[in-house]
Amino acid sequence: MLIIAQHGEIFIILACLFGFFMAWGVGANDVANAMGTSVGSKAITIKQAILIAVIFEFLGAWLAGGEVTNTIRKGIIDPELLQDDPQLLVYGMLAALLAAGTWLLVASMKGWPVSTTHSIVGAIVGFAVAGLGPATVDWGAVGTIAASWVVSPLLAGTIGFVLFKSVHHLIFEDANPFTAAKRYVPGYVFLVGFIVAMVTLTKGLSHVGLDLTFNQSLLLSILLGLVIMGIGLILQRRIKFEHNTNDHFGYANVERVFGVLMIFTACAMAFAHGSNDVANAVGPLAAVISVVQTGGEIGGSALVPWWVLVLGGGGIVVGLVTYGHKVIATVGTGITELTPSRGFAATLAAATTVVLASGTGLPISTTHTLVGAILGVGLARGMAALNLRVIGTIAASWLITLPAGAGLAILFFFMFKGMFG
């Protein structure tokens, strides 16, 4: 208690710095998952991707980021076992933020798309086992999170497969694909708006003082979906059929219609990513602030302060602008060849999975989700469409992430314990 009272301000300043560093890593590495498909399918340029992500990542973090943050903060370590020694939680969370941020810096420089969720979960488990003993870890919660690393790519891959098959059946197999695209694409635009709005309104806005009933949320989401569909129709009308002797069926024109849709799915994915992955940066930060402000109490049910979510959102944006382009290139072009229609199916599948997980408080990995969705879309075209060498490299970087996060956290934990203890 005395250590927390003496060094409280220093702990909060360090937590804010390391939290921002971790959020920078999320932006530099993980935002590729939100933008990679859109850039890889050439639906938008890298500059447009950065602009979209800056706005929607920040909004997702601020408006819908509160739900998952509580899982990372209180779900992994049993708070009851830390009541006698609350400063150990402070050291551990500082170590976890610095460890995960450092690993993400290394991965981003190499252009490896790794999981920020793996990084922070591994770091928190590493410090807890080394500094407090295995009994302080809630292994049930870790098991649930670990299960989500398998479930999320499978779910996203299945949704991606089904979405791409539906696009193929309804549009590309039609006698006039361009007319079919103009007929069905507004429905897909509505789906994008409705899914993101529904999960945000039902789960994400309690911390900004907006508590809606399920029916109110449903009605508002339908209205928002219709508004977004209207915007899509206006943009779609500008696309005129262009005759090309090499493109007898007019598939290039269909892809131009999907190019418009990719703008909406890119916004949805950026929002979904911000809402889910801001927790990786601000969860441990919120834990430190809570312990210091309550004078050593652990496990309080206070909501994450709004400015903490703003700090996390700001860090994500800075990371994206400064280093995001490296990993965007790996994800967008490496796994399978993407066109706007394929990119749409993958992105909407991933966004749906991520916002559902964000709404239920399950900290899934956006990296795994998006790669799963891209694999699902690639498999819909057959195994030959996948670049197995790149997939192998990505899988290897995933396997290294957990032990790297844990090892660095153990190192930093003992460093902080020595400095302040």
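1. A search of the whole structure, which is a predicted model, finds 10 aromatic pairs, where rings of Phe, Tyr and Trp (its six-membered ring) pair if their centres lie within 6.5 Å, and where planes under 30 degrees apart count as stacked, over 60 as edge-to-face and the rest as tilted. One of these is the pair of Trp 103 and Trp 112, whose ring centres are 6.2 Å apart and whose planes stand at 45°, so the pair is tilted. Trp 103 is buried at a relative accessible area of 8%, whereas Trp 112 is partly exposed at 28%; buried means under 20% relative accessible area, exposed over 50%, and partly exposed in between (1.4 Å probe, protein chains only).

2. Another tilted aromatic pair is formed by Phe 258 and Phe 344, with 5.7 Å from centre to centre and 40° between the planes. Because Phe 258 lies in helix H9 (residues 251–293) and Phe 344 in helix H11 (residues 340–360), the pair ties together parts that are 86 residues apart in sequence. Phe 258 is buried, with 0% relative accessibility, and Phe 344 is likewise buried at 0%. Elsewhere, Phe 21, Trp 24 and Tyr 323 form one aromatic cluster.

3. On conventions, residues are numbered from 1 along each chain as its sequence is written, and side-chain values use heavy atoms, with hydrogens and water left out. As the model is predicted, local features need pLDDT of at least 70 and side-chain atom pairs count only at pLDDT 80 or more, while totals for chains, interfaces and linings use all residues.

4. Of its 421 residues, 58% count as buried. Among contacts between residues at least 6 apart in sequence, 85% join residues at least 24 apart, contact meaning heavy atoms within 4.5 Å.

5. Thr 265 also belongs to helix H9, and with 1% relative accessibility this residue counts as buried. Its side chain reaches the backbone oxygen of Met 262 at 3.1 Å. Leaving aside neighbours within four places in sequence, Thr 265 touches Val 192, Phe 344, Thr 347 and Leu 348, and Phe 344 is a member of the tilted pair described above.

6. The second largest pocket has a volume of about 160 Å³. Here a pocket is, on a 1 Å grid over the protein atoms alone, an open set of points where a 1.4 Å probe fits, with protein on both sides within 12 Å along at least five of seven lines, and lining residues have an atom within 4 Å of a point. The volume is the space filled by probe spheres set on the points, which are joined across faces, edges and corners. Helix H6 (139–172) and helix H12 (366–379) are the elements that give two or more residues to the lining, and H6 supplies the largest share, five residues. The lining residues divide into six nonpolar, four polar and no charged.

7. Asn 387 sits in the loop between H12 and helix H13 (388–420) and is partly exposed at 29% relative accessibility. The C-alpha atoms of Asn 387 and Ile 335 are separated by 5.2 Å, although these residues are 52 apart along the chain. Leaving aside neighbours within four places in sequence, Asn 387 is in contact with Gly 334 and Ile 335.

Definitions and conventions
Helices (H or I, at least four residues) and strands (E, at least two) are DSSP runs, numbered from the N terminus. Ala, Val, Leu, Ile, Met, Phe, Trp, Tyr, Cys and Pro count as nonpolar, Asp, Glu, Lys and Arg as charged, and the others, Gly among them, as polar. A polar contact is a pair of N or O atoms within 3.5 Å; within protein, one must be able to donate a hydrogen and the other to accept it, and residues adjacent in sequence count only if both atoms are side-chain atoms.
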